[in-house]
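Visitor: I would like to learn how features of a protein model are read, taking one feature at a time. Could you show me the general idea and then the case at hand?

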Amino acid sequence: MLNSLISDTDSPRRLSERIATCDVIAEREIWMRYAPGLRFLVRRQTGDDELAQDVVQETFQIALMQLREGRLENPDALSGFLRGIALKVMLRMRRAAGKEKPVGDGSLNEHDVADERQSPFARTLQNERRLLVRRVIEELPVARDRQMLWRYYVTEDDKDVICKQLELSVDHFDRVLHRARSRFAVLLSDLRTASADIIDES
Amino acid sequence: MKHTTMTRPEWPDDELIRKYLNGAVTPDEEARVELRLLDDPDFLGHMERELALRDGLAALSEPLAEPHRGATLMRVMPRRTSRRWQWAAAATFVLAIGLLAALATLKRSIDERNALAMRIAQLDMPVANVPIVPVSIMRGVSVATELPRSLTVLRVYLPETTTVVDPGKYRLTIIQDGSKQPAFDISDLVAMDDGSLSMTLNAGKLLPGRYVLIVNDQPPTGKAEVMRAVLSVL
(Lines give C-alpha, C1' and ligand atoms only; values in the text may rest on other atoms or scores of the structure.)
Protein backbone atom coordinates (compact mmCIF):
# COMPACT_ATOMS: atom_id res chain seq x y z
CA MET A 1 0.00 0.00 0.00
CA LEU A 2 2.80 2.30 0.89
CA ASN A 3 4.42 1.83 -2.49
CA SER A 4 1.39 3.23 -4.24
CA LEU A 5 1.86 6.46 -2.36
CA ILE A 6 5.48 6.83 -3.31
CA SER A 7 6.24 9.29 -6.05
CA ASP A 8 9.35 9.00 -8.19
CA THR A 9 8.92 12.42 -9.59
CA ASP A 10 10.01 14.53 -6.64
CA SER A 11 13.34 16.21 -7.16
CA PRO A 12 16.07 15.66 -4.56
CA ARG A 13 15.44 19.19 -3.34
CA ARG A 14 11.71 18.58 -2.90
CA LEU A 15 12.41 15.25 -1.23
CA SER A 16 14.79 16.91 1.22
CA GLU A 17 12.21 19.56 2.01
CA ARG A 18 9.55 16.96 2.69
CA ILE A 19 11.86 15.05 5.02
CA ALA A 20 12.55 18.28 6.87
CA THR A 21 8.82 18.36 7.66
CA CYS A 22 9.03 14.80 9.05
CA ASP A 23 7.07 13.38 6.11
CA VAL A 24 7.31 9.61 6.67
CA ILE A 25 6.34 8.85 3.10
CA ALA A 26 9.29 10.92 1.92
CA GLU A 27 11.55 8.96 4.26
CA ARG A 28 10.33 5.76 2.70
CA GLU A 29 10.83 7.24 -0.75
CA ILE A 30 14.41 8.29 -0.16
CA TRP A 31 15.15 4.78 1.05
CA MET A 32 13.55 3.15 -1.98
CA ARG A 33 15.36 5.46 -4.34
CA TYR A 34 18.87 5.49 -2.93
CA ALA A 35 19.38 2.36 -0.81
CA PRO A 36 19.99 -0.06 -3.75
CA GLY A 37 22.76 2.12 -5.18
CA LEU A 38 24.37 2.63 -1.80
CA ARG A 39 24.30 -1.11 -1.12
CA PHE A 40 25.93 -1.76 -4.47
CA LEU A 41 28.79 0.65 -3.97
CA VAL A 42 29.52 -0.54 -0.42
CA ARG A 43 29.31 -4.18 -1.48
CA ARG A 44 31.69 -3.53 -4.35
CA GLN A 45 34.25 -2.04 -2.03
CA THR A 46 33.93 -4.60 0.73
CA GLY A 47 32.56 -7.76 -0.87
CA ASP A 48 30.50 -8.08 2.28
CA ASP A 49 26.70 -8.19 2.03
CA GLU A 50 26.01 -7.94 5.72
CA LEU A 51 28.39 -5.04 6.17
CA ALA A 52 26.73 -3.32 3.21
CA GLN A 53 23.33 -3.69 4.87
CA ASP A 54 24.65 -2.28 8.13
CA VAL A 55 26.37 0.63 6.41
CA VAL A 56 23.23 1.55 4.48
CA GLN A 57 21.06 1.36 7.60
CA GLU A 58 23.35 3.62 9.54
CA THR A 59 23.81 5.97 6.60
CA PHE A 60 20.08 6.58 6.48
CA GLN A 61 19.81 7.05 10.22
CA ILE A 62 22.43 9.79 10.06
CA ALA A 63 21.11 11.29 6.84
CA LEU A 64 17.49 11.46 7.97
CA MET A 65 18.48 13.07 11.22
CA GLN A 66 20.52 15.73 9.42
CA LEU A 67 17.84 16.30 6.80
CA ARG A 68 15.19 16.80 9.47
CA GLU A 69 17.42 19.40 11.02
CA GLY A 70 17.85 21.08 7.65
CA ARG A 71 21.60 20.63 7.69
CA LEU A 72 21.99 19.80 4.01
CA GLU A 73 23.25 23.02 2.44
CA ASN A 74 22.61 22.03 -1.16
CA PRO A 75 19.52 19.80 -1.34
CA ASP A 76 20.09 19.24 -5.06
CA ALA A 77 23.22 17.27 -4.17
CA LEU A 78 21.33 14.68 -2.15
CA SER A 79 23.08 11.71 -3.74
CA GLY A 80 26.52 13.18 -3.00
CA PHE A 81 25.43 13.83 0.56
CA LEU A 82 24.31 10.22 1.03
CA ARG A 83 27.42 8.82 -0.63
CA GLY A 84 29.67 10.91 1.59
CA ILE A 85 27.99 9.63 4.74
CA ALA A 86 28.09 6.04 3.47
CA LEU A 87 31.81 6.17 2.76
CA LYS A 88 32.56 7.54 6.22
CA VAL A 89 30.35 4.96 7.90
CA MET A 90 31.93 2.18 5.86
CA LEU A 91 35.43 3.27 6.78
CA ARG A 92 34.57 3.45 10.45
CA MET A 93 32.85 0.07 10.46
CA ARG A 94 35.68 -1.62 8.63
CA ARG A 95 38.20 -0.19 11.03
CA ALA A 96 36.11 -1.24 13.97
CA ALA A 97 35.80 -4.73 12.60
CA GLY A 98 39.51 -4.90 11.86
CA LYS A 99 38.78 -5.70 8.27
CA GLU A 100 40.72 -2.85 6.78
CA LYS A 101 43.36 -4.51 4.64
CA PRO A 102 46.51 -2.73 3.56
CA VAL A 103 46.57 -1.84 -0.13
CA GLY A 104 48.22 -4.49 -2.23
CA ASP A 105 47.77 -7.27 0.28
CA GLY A 106 47.77 -10.29 -1.96
CA SER A 107 47.59 -12.89 0.74
CA LEU A 108 43.97 -13.77 0.11
CA ASN A 109 42.07 -14.42 -3.05
CA GLU A 110 39.44 -11.75 -3.59
CA HIS A 111 36.77 -14.33 -4.41
CA ASP A 112 37.50 -16.32 -1.27
CA VAL A 113 37.13 -13.27 0.93
CA ALA A 114 33.90 -12.24 -0.75
CA ASP A 115 32.45 -15.75 -0.51
CA GLU A 116 33.29 -16.07 3.17
CA ARG A 117 31.49 -12.83 3.96
CA GLN A 118 28.34 -13.75 2.10
CA SER A 119 25.15 -14.90 3.73
CA PRO A 120 23.69 -18.28 2.67
CA PHE A 121 21.01 -16.41 0.74
CA ALA A 122 23.60 -14.32 -1.10
CA ARG A 123 25.61 -17.43 -1.92
CA THR A 124 22.51 -19.13 -3.32
CA LEU A 125 21.74 -16.07 -5.41
CA GLN A 126 25.31 -15.95 -6.67
CA ASN A 127 25.15 -19.64 -7.57
CA GLU A 128 21.99 -19.06 -9.57
CA ARG A 129 23.56 -16.15 -11.38
CA ARG A 130 26.57 -18.27 -12.23
CA LEU A 131 24.27 -20.88 -13.72
CA LEU A 132 22.64 -18.18 -15.82
CA VAL A 133 26.01 -16.95 -17.01
CA ARG A 134 26.97 -20.47 -17.98
CA ARG A 135 23.73 -20.73 -19.89
CA VAL A 136 24.43 -17.49 -21.73
CA ILE A 137 27.86 -18.79 -22.67
CA GLU A 138 26.53 -22.14 -23.80
CA GLU A 139 23.97 -20.46 -25.99
CA LEU A 140 26.69 -18.70 -27.95
CA PRO A 141 27.18 -20.99 -30.91
CA VAL A 142 30.46 -19.50 -32.06
CA ALA A 143 33.60 -20.32 -30.07
CA ARG A 144 35.23 -17.06 -30.99
CA ASP A 145 32.36 -15.14 -29.40
CA ARG A 146 32.83 -17.06 -26.18
CA GLN A 147 36.52 -16.27 -26.24
CA MET A 148 35.66 -12.65 -26.83
CA LEU A 149 33.42 -12.42 -23.79
CA TRP A 150 35.89 -14.24 -21.65
CA ARG A 151 38.73 -11.97 -22.57
CA TYR A 152 36.61 -8.86 -22.16
CA TYR A 153 35.21 -9.67 -18.73
CA VAL A 154 37.71 -11.97 -17.11
CA THR A 155 41.19 -11.40 -18.46
CA GLU A 156 40.27 -7.74 -18.94
CA ASP A 157 41.87 -7.31 -22.32
CA ASP A 158 41.22 -4.11 -24.19
CA LYS A 159 38.49 -4.19 -26.79
CA ASP A 160 40.89 -3.19 -29.58
CA VAL A 161 43.31 -5.96 -28.67
CA ILE A 162 40.54 -8.56 -28.58
CA CYS A 163 39.18 -7.45 -31.94
CA LYS A 164 42.62 -7.56 -33.52
CA GLN A 165 43.67 -10.92 -32.13
CA LEU A 166 40.34 -12.62 -32.80
CA GLU A 167 39.97 -10.86 -36.16
CA LEU A 168 36.65 -9.34 -35.21
CA SER A 169 35.15 -6.11 -36.38
CA VAL A 170 34.16 -3.61 -33.73
CA ASP A 171 30.56 -3.95 -34.90
CA HIS A 172 30.66 -7.69 -34.38
CA PHE A 173 32.20 -7.21 -30.95
CA ASP A 174 29.46 -4.78 -29.94
CA ARG A 175 26.79 -7.08 -31.33
CA VAL A 176 27.98 -10.13 -29.40
CA LEU A 177 28.40 -8.13 -26.22
CA HIS A 178 24.95 -6.64 -26.59
CA ARG A 179 23.41 -10.03 -27.29
CA ALA A 180 25.06 -11.61 -24.25
CA ARG A 181 24.02 -8.73 -22.03
CA SER A 182 20.45 -8.78 -23.32
CA ARG A 183 20.13 -12.52 -22.92
CA PHE A 184 21.53 -12.35 -19.41
CA ALA A 185 19.11 -9.55 -18.55
CA VAL A 186 16.18 -11.64 -19.76
CA LEU A 187 17.33 -14.70 -17.80
CA LEU A 188 17.84 -12.61 -14.67
CA SER A 189 14.44 -11.06 -15.09
CA ASP A 190 12.86 -14.51 -15.49
CA LEU A 191 14.66 -15.69 -12.38
CA ARG A 192 13.38 -12.71 -10.39
CA THR A 193 9.84 -13.31 -11.63
CA ALA A 194 10.05 -16.97 -10.67
CA SER A 195 11.42 -16.06 -7.24
CA ALA A 196 8.63 -13.56 -6.72
CA ASP A 197 6.06 -16.19 -7.70
CA ILE A 198 7.49 -18.62 -5.16
CA ILE A 199 7.43 -15.95 -2.46
CA ASP A 200 3.84 -15.06 -3.37
CA GLU A 201 2.75 -18.69 -3.21
CA SER A 202 4.39 -19.36 0.15
CA MET B 1 5.67 -19.26 -26.76
CA LYS B 2 7.28 -16.22 -25.40
CA HIS B 3 9.19 -13.67 -27.39
CA THR B 4 11.13 -11.00 -25.66
CA THR B 5 12.63 -8.06 -27.44
CA MET B 6 14.85 -5.52 -25.81
CA THR B 7 15.94 -2.15 -26.96
CA ARG B 8 19.66 -1.65 -26.89
CA PRO B 9 20.75 0.48 -23.98
CA GLU B 10 23.48 2.90 -24.82
CA TRP B 11 26.26 3.14 -22.30
CA PRO B 12 28.80 5.60 -23.64
CA ASP B 13 30.91 5.09 -20.52
CA ASP B 14 31.41 1.39 -21.12
CA GLU B 15 35.14 1.58 -20.52
CA LEU B 16 34.64 3.65 -17.39
CA ILE B 17 32.19 1.07 -16.08
CA ARG B 18 34.72 -1.66 -16.69
CA LYS B 19 37.45 0.31 -14.96
CA TYR B 20 35.14 0.90 -12.02
CA LEU B 21 34.32 -2.77 -11.64
CA ASN B 22 38.01 -3.61 -11.92
CA GLY B 23 38.89 -1.09 -9.23
CA ALA B 24 41.05 0.89 -11.64
CA VAL B 25 39.33 4.28 -11.54
CA THR B 26 40.65 7.55 -10.17
CA PRO B 27 38.82 9.04 -7.16
CA ASP B 28 37.11 11.54 -9.46
CA GLU B 29 35.95 8.82 -11.82
CA GLU B 30 34.81 6.71 -8.90
CA ALA B 31 32.70 9.57 -7.57
CA ARG B 32 31.22 10.19 -11.00
CA VAL B 33 30.18 6.55 -11.40
CA GLU B 34 28.84 6.21 -7.88
CA LEU B 35 26.74 9.36 -8.06
CA ARG B 36 25.21 8.08 -11.25
CA LEU B 37 24.57 4.75 -9.53
CA LEU B 38 22.51 6.60 -6.96
CA ASP B 39 20.70 8.83 -9.41
CA ASP B 40 19.98 6.44 -12.27
CA PRO B 41 18.24 3.11 -11.53
CA ASP B 42 18.78 1.90 -15.10
CA PHE B 43 22.49 2.50 -14.78
CA LEU B 44 22.50 0.63 -11.47
CA GLY B 45 20.71 -2.31 -13.08
CA HIS B 46 23.25 -2.33 -15.89
CA MET B 47 26.14 -2.29 -13.43
CA GLU B 48 24.66 -5.13 -11.39
CA ARG B 49 24.31 -7.26 -14.50
CA GLU B 50 27.82 -6.41 -15.65
CA LEU B 51 29.24 -7.39 -12.28
CA ALA B 52 27.21 -10.59 -12.23
CA LEU B 53 28.32 -11.45 -15.77
CA ARG B 54 31.97 -10.84 -14.97
CA ASP B 55 31.87 -12.76 -11.71
CA GLY B 56 29.85 -15.54 -13.29
CA LEU B 57 32.36 -15.93 -16.10
CA ALA B 58 35.28 -15.83 -13.71
CA ALA B 59 33.63 -18.48 -11.57
CA LEU B 60 32.95 -20.94 -14.38
CA SER B 61 35.97 -22.83 -13.15
CA GLU B 62 34.51 -23.23 -9.70
CA PRO B 63 32.26 -26.09 -8.64
CA LEU B 64 28.59 -25.21 -8.75
CA ALA B 65 25.99 -26.30 -6.27
CA GLU B 66 23.99 -28.16 -8.89
CA PRO B 67 25.05 -30.02 -12.01
CA HIS B 68 24.09 -28.31 -15.24
CA ARG B 69 23.59 -30.35 -18.40
CA GLY B 70 26.89 -32.11 -18.01
CA ALA B 71 28.87 -29.10 -19.15
CA THR B 72 32.60 -29.43 -18.65
CA LEU B 73 34.05 -27.44 -15.80
CA MET B 74 37.42 -25.94 -16.51
CA ARG B 75 40.12 -24.41 -14.41
CA VAL B 76 40.77 -20.95 -15.62
CA MET B 77 43.05 -18.04 -14.91
CA PRO B 78 42.25 -16.21 -11.65
CA ARG B 79 40.53 -12.90 -12.09
CA ARG B 80 42.81 -9.91 -12.15
CA THR B 81 41.64 -6.64 -10.73
CA SER B 82 43.66 -3.78 -9.37
CA ARG B 83 46.65 -6.07 -9.04
CA ARG B 84 46.96 -5.77 -12.77
CA TRP B 85 49.15 -2.74 -12.18
CA GLN B 86 51.37 -4.71 -9.89
CA TRP B 87 51.89 -7.20 -12.65
CA ALA B 88 52.78 -4.37 -14.99
CA ALA B 89 55.31 -3.10 -12.46
CA ALA B 90 56.72 -6.59 -12.08
CA ALA B 91 57.02 -6.90 -15.85
CA THR B 92 58.93 -3.60 -15.97
CA PHE B 93 61.31 -4.87 -13.32
CA VAL B 94 61.91 -8.01 -15.29
CA LEU B 95 62.67 -5.90 -18.35
CA ALA B 96 65.33 -4.10 -16.38
CA ILE B 97 67.00 -7.37 -15.47
CA GLY B 98 67.46 -8.48 -19.00
CA LEU B 99 65.82 -8.44 -22.38
CA LEU B 100 66.11 -12.17 -22.90
CA ALA B 101 64.47 -13.02 -19.62
CA ALA B 102 61.68 -10.57 -20.37
CA LEU B 103 61.07 -12.06 -23.79
CA ALA B 104 60.87 -15.51 -22.30
CA THR B 105 58.39 -14.32 -19.69
CA LEU B 106 56.31 -12.54 -22.30
CA LYS B 107 56.21 -15.59 -24.53
CA ARG B 108 55.09 -17.77 -21.63
CA SER B 109 52.37 -15.25 -20.78
CA ILE B 110 51.07 -15.21 -24.34
CA ASP B 111 51.11 -18.99 -24.46
CA GLU B 112 49.11 -19.19 -21.26
CA ARG B 113 46.57 -16.71 -22.54
CA ASN B 114 46.20 -18.54 -25.82
CA ALA B 115 45.77 -21.81 -23.98
CA LEU B 116 43.14 -20.19 -21.81
CA ALA B 117 41.29 -18.84 -24.82
CA MET B 118 41.33 -22.31 -26.38
CA ARG B 119 39.95 -23.88 -23.22
CA ILE B 120 37.00 -21.53 -23.02
CA ALA B 121 36.33 -22.36 -26.65
CA GLN B 122 36.01 -26.01 -25.76
CA LEU B 123 32.59 -25.76 -24.15
CA ASP B 124 30.43 -28.52 -25.49
CA MET B 125 28.63 -26.54 -28.18
CA PRO B 126 29.01 -26.77 -31.94
CA VAL B 127 31.53 -24.42 -33.38
CA ALA B 128 31.20 -22.50 -36.61
CA ASN B 129 32.99 -19.27 -37.30
CA VAL B 130 30.17 -17.64 -39.18
CA PRO B 131 29.05 -14.12 -38.37
CA ILE B 132 25.58 -14.04 -36.89
CA VAL B 133 23.37 -11.51 -38.56
CA PRO B 134 20.30 -12.73 -40.41
CA VAL B 135 17.99 -15.04 -38.55
CA SER B 136 15.32 -17.22 -40.11
CA ILE B 137 12.45 -18.12 -37.88
CA MET B 138 10.68 -21.28 -38.89
CA ARG B 139 7.78 -23.17 -37.38
CA GLY B 140 6.94 -26.79 -37.88
CA VAL B 141 4.72 -26.50 -40.93
CA SER B 142 4.16 -28.76 -43.88
CA VAL B 143 4.86 -26.17 -46.55
CA ALA B 144 8.46 -25.66 -47.52
CA THR B 145 10.27 -22.90 -45.73
CA GLU B 146 12.58 -21.04 -48.05
CA LEU B 147 16.07 -20.46 -46.80
CA PRO B 148 17.81 -17.43 -48.29
CA ARG B 149 21.35 -18.19 -49.36
CA SER B 150 22.58 -15.39 -47.14
CA LEU B 151 21.24 -17.14 -44.06
CA THR B 152 23.82 -17.90 -41.41
CA VAL B 153 21.71 -18.68 -38.37
CA LEU B 154 18.69 -20.93 -38.29
CA ARG B 155 16.21 -20.80 -35.46
CA VAL B 156 13.74 -23.64 -35.26
CA TYR B 157 10.74 -23.45 -32.98
CA LEU B 158 9.80 -26.78 -31.50
CA PRO B 159 6.10 -27.67 -31.58
CA GLU B 160 4.28 -26.46 -28.52
CA THR B 161 3.51 -30.02 -27.55
CA THR B 162 7.22 -30.53 -26.88
CA THR B 163 8.28 -30.04 -23.31
CA VAL B 164 10.71 -27.25 -23.89
CA VAL B 165 11.74 -27.02 -20.28
CA ASP B 166 13.07 -30.54 -20.61
CA PRO B 167 16.78 -30.29 -19.88
CA GLY B 168 17.47 -32.84 -22.62
CA LYS B 169 19.31 -32.10 -25.80
CA TYR B 170 18.22 -32.31 -29.40
CA ARG B 171 19.71 -33.45 -32.65
CA LEU B 172 18.86 -31.66 -35.86
CA THR B 173 19.42 -33.20 -39.26
CA ILE B 174 18.83 -31.72 -42.71
CA ILE B 175 18.73 -34.18 -45.61
CA GLN B 176 18.35 -33.27 -49.25
CA ASP B 177 15.41 -34.87 -51.02
CA GLY B 178 16.59 -38.14 -52.60
CA SER B 179 19.84 -38.26 -50.67
CA LYS B 180 20.77 -40.59 -47.83
CA GLN B 181 23.59 -38.50 -46.44
CA PRO B 182 22.63 -35.54 -44.28
CA ALA B 183 23.72 -32.20 -45.61
CA PHE B 184 23.68 -30.85 -42.08
CA ASP B 185 23.72 -32.77 -38.84
CA ILE B 186 24.13 -31.25 -35.45
CA SER B 187 23.58 -32.65 -31.99
CA ASP B 188 23.62 -31.47 -28.39
CA LEU B 189 21.31 -28.57 -29.11
CA VAL B 190 19.59 -27.19 -26.04
CA ALA B 191 16.20 -25.54 -26.30
CA MET B 192 15.95 -21.96 -25.17
CA ASP B 193 13.17 -20.69 -22.92
CA ASP B 194 11.04 -19.68 -25.87
CA GLY B 195 11.15 -23.24 -27.23
CA SER B 196 13.60 -22.55 -30.00
CA LEU B 197 16.80 -24.19 -31.13
CA SER B 198 19.41 -21.91 -32.63
CA MET B 199 22.38 -22.91 -34.72
CA THR B 200 24.73 -21.55 -37.28
CA LEU B 201 23.92 -22.72 -40.76
CA ASN B 202 25.56 -21.34 -43.84
CA ALA B 203 22.79 -21.81 -46.36
CA GLY B 204 25.09 -20.60 -49.11
CA LYS B 205 26.87 -23.95 -48.94
CA LEU B 206 23.73 -26.02 -49.50
CA LEU B 207 22.89 -27.12 -53.02
CA PRO B 208 19.61 -25.74 -54.39
CA GLY B 209 16.68 -28.07 -53.82
CA ARG B 210 14.26 -29.39 -51.25
CA TYR B 211 15.37 -30.66 -47.88
CA VAL B 212 13.77 -32.39 -44.93
CA LEU B 213 14.57 -31.10 -41.48
CA ILE B 214 14.22 -33.57 -38.62
CA VAL B 215 14.60 -32.87 -34.92
CA ASN B 216 15.12 -35.80 -32.58
CA ASP B 217 15.19 -35.90 -28.83
CA GLN B 218 18.55 -37.24 -27.72
CA PRO B 219 19.26 -39.71 -24.93
CA PRO B 220 18.81 -39.95 -22.00
CA THR B 221 15.30 -38.62 -22.53
CA GLY B 222 14.73 -40.74 -25.61
CA LYS B 223 15.15 -40.80 -29.38
CA ALA B 224 11.68 -39.67 -30.33
CA GLU B 225 11.23 -37.53 -33.40
CA VAL B 226 10.09 -34.17 -32.17
CA MET B 227 9.35 -32.44 -35.45
CA ARG B 228 9.80 -32.66 -39.19
CA ALA B 229 9.63 -29.83 -41.69
CA VAL B 230 10.39 -29.17 -45.34
CA LEU B 231 12.98 -26.63 -46.43
CA SER B 232 13.67 -25.17 -49.80
CA VAL B 233 16.96 -23.68 -50.92
CA LEU B 234 16.68 -21.66 -54.10
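Visitor: Is B:Asp217 buried or exposed, and at what relative accessibility?

Guide: Keep in mind throughout that this is a predicted model. The cut-off for a buried residue is a relative accessible area under 20%, so B:Asp217, at 13% relative accessibility, counts as buried. This aspartate lies in strand β7 of chain B, which covers residues 209–217.

Visitor: Which separation do the C-alpha atoms of B:Asp217 and B:Leu189 have?

Guide: Although B:Asp217 and B:Leu189 are 28 residues apart along the chain, their C-alpha atoms are separated by 9.6 Å.

Visitor: How does B:Glu29 read, buried or exposed?

Guide: B:Glu29 has a relative accessible area of 18%, and because the cut-off for buried is under 20%, this glutamate is buried. B:Glu29 lies in helix α2 of chain B, residues 27–39, and, leaving aside its neighbours within four places in sequence, it is in contact with B:Leu16 and B:Lys19.

Visitor: What does chain B contain in terms of helices and strands, and in what order do the elements run?

Guide: Chain B has five helices and eight strands, and from the N terminus on its elements run α-α-α-α-α-β-β-β-β-β-β-β-β. Of the 234 residues in chain B, 41% are buried, and the accessible surface of the chain comes to about 13,000 Å², with 58% of that belonging to carbon and sulfur atoms. Among contacts in chain B between residues at least 6 apart in sequence, 56% join residues at least 24 apart.

Visitor: How should I read a pair of packed helices, and at what angle do α1 and α3 of chain B pack?

Guide: Two packed helices are described by the angle between their axes together with the distance between those axes. In chain B, helix α1 (residues 14–21) and helix α3 (residues 41–58) pack at an angle of about 60 degrees, and their axes are 11 Å apart. The two helices α1(B) and α3(B) are therefore oblique to each other, and α1(B) passes α3(B) in a right-handed crossing. On the side of α1(B) the contact is made by B:Asp14, B:Ile17, B:Tyr20 and B:Leu21, while α3(B) brings B:Phe43, B:His46, B:Met47, B:Glu50, B:Leu51 and B:Arg54. Sorted by class, the contact of α1(B) with α3(B) has six nonpolar, one polar and three charged residues.

Visitor: Turning to chain A, how many helices and strands are there?

Guide: Chain A has 10 helices and zero strands. Of its 202 residues, 50% count as buried, and chain A exposes about 10,200 Å², of which carbon and sulfur atoms supply 52%. In chain A, residues 24 or more positions apart account for 57% of the contacts with a separation of 6 or more.

Visitor: At what angle do the axes of α4 and α5 of chain A cross?

Guide: The axes of helix α4 (residues 49–68) and helix α5 (residues 78–97) of chain A come within 9 Å and cross at roughly 130 degrees. That makes α4(A) oblique to α5(A), and α4(A) passes α5(A) in a right-handed crossing. The residues of this contact between α4(A) and α5(A) divide into 14 nonpolar, two polar and four charged.

Visitor: Which residues is A:Glu58 in contact with, leaving aside its neighbours within four places in sequence?

Guide: A:Glu58, which lies in helix α4 of chain A, is in contact with A:Val89, A:Arg92 and A:Met93 once those neighbours are left aside. At 21% relative accessibility, A:Glu58 counts as partly exposed. The C-alpha atoms of A:Glu58 and A:Met90 are separated by 9.4 Å, with the two residues 32 apart along the chain.

Visitor: Finally, where does A:Glu167 lie, and what is its phi?

Guide: A:Glu167 lies in the loop between α9 (159–166) and α10 (170–201) of chain A, and has a positive phi of about 55 degrees although it is not a glycine. At 67% relative accessibility, A:Glu167 counts as exposed. A:Cys22, not a glycine either, has a positive phi of about 60 degrees, and is found in the loop between α2 (12–20) and α3 (24–46) of chain A.

Methods: Residues are numbered from 1 along each chain as its sequence is written. Chains are lettered from A and ligands numbered from 1 in the order in which they are written. This is a predicted model: local features need pLDDT of at least 70, side-chain atom pairs count only at pLDDT 80 or more; totals for chains, interfaces and linings use all residues. Side-chain values use heavy atoms; hydrogens and water are left out. Axes are lines fitted to C-alpha atoms, for helices over the stretch in contact, and angles run from 0 to 180 degrees between N-to-C directions. Helices (H or I, at least four residues) and strands (E, at least two) are DSSP runs, numbered from the N terminus. Angles under 35 degrees count as roughly parallel, over 145 as roughly antiparallel, 65 to 115 as roughly perpendicular and the rest as oblique. A crossing is left-handed if the near helix is turned anticlockwise from the far one by less than a right angle, and right-handed if clockwise. Ala, Val, Leu, Ile, Met, Phe, Trp, Tyr, Cys and Pro count as nonpolar, Asp, Glu, Lys and Arg as charged, and the others, Gly among them, as polar. Buried means under 20% relative accessible area, exposed over 50%, partly exposed in between (1.4 Å probe, protein chains only). Contact means heavy atoms within 4.5 Å. Accessible areas come from the Shrake-Rupley method with a 1.4 Å probe; for residues, only the protein chains shown count as cover.
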